[in-house]
Amino acid sequence: YSAGVSGVFLALKSGCRVTIASGDASVALYTNLWLRQAFHHPDCTDETREPTAIASVLVMTIMMGFVYLLVGHYRAADLVQYLPFPIIA
């Protein structure tokens, strides 16, 4: 969901007509990790698993969107040019 929300937001707010948004692998990994913790928590019953999963995905989507907005606002993506190629490739 995070990739979809980010893609729609990018398409609507971008000044470029040709904008291609792609999903970030870290978003999928964090969401998967978060959902596993929620599902295997001892206090999570069968009745609360589905609402917990939906709430977790919603919170993760909002958090990652906020992180992307901060990176864009502070132009932190420009720092990628200083990372060695094997790290970002």
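A residue counts as buried under 20% relative accessible area, exposed over 50%, and partly exposed in between (1.4 Å probe, protein chains only). This is a predicted model, in which local features need pLDDT of at least 70 and side-chain atom pairs count only at pLDDT 80 or more, while totals for chains, interfaces and linings use all residues. Residues are numbered from 1 along each chain as its sequence is written, and side-chain values use heavy atoms, with hydrogens and water left out.

**Helix α3**

- Helices are DSSP runs (H or I, at least four residues), numbered from the N terminus.
- The end C-alpha atoms of α3 are 41 Å apart, which agrees with the 40 Å that its 28 residues should span at 1.5 Å a residue; the expected span is 1.5 Å times one less than the number of residues.
- Buried residues in α3 include Ala53, Val57, Met60 and Met64.
- Arginine 75, which follows α3, has a positive phi, near 55°.

**The salt bridge**

- A salt bridge is a side-chain nitrogen of Lys or Arg within 4 Å of a carboxyl oxygen of Asp or Glu.
- One salt bridge is found in a search of the whole structure.
- Aspartate 46 and arginine 49 form a salt bridge through their side chains, at 2.8 Å from N to O.
- Both aspartate 46 and arginine 49 belong to helix α3, three residues apart, or about one turn of the helix.
- Aspartate 46 counts as exposed because its relative accessibility is 66%, whereas arginine 49, at 24%, counts as partly exposed.

**Tyrosine 74**

- Tyrosine 74 is located in the loop between α3 (46-73) and α4 (85-88).
- With a relative accessibility of 60%, tyrosine 74 counts as exposed.

Terms used. Helices (H or I, at least four residues) and strands (E, at least two) are DSSP runs, numbered from the N terminus.
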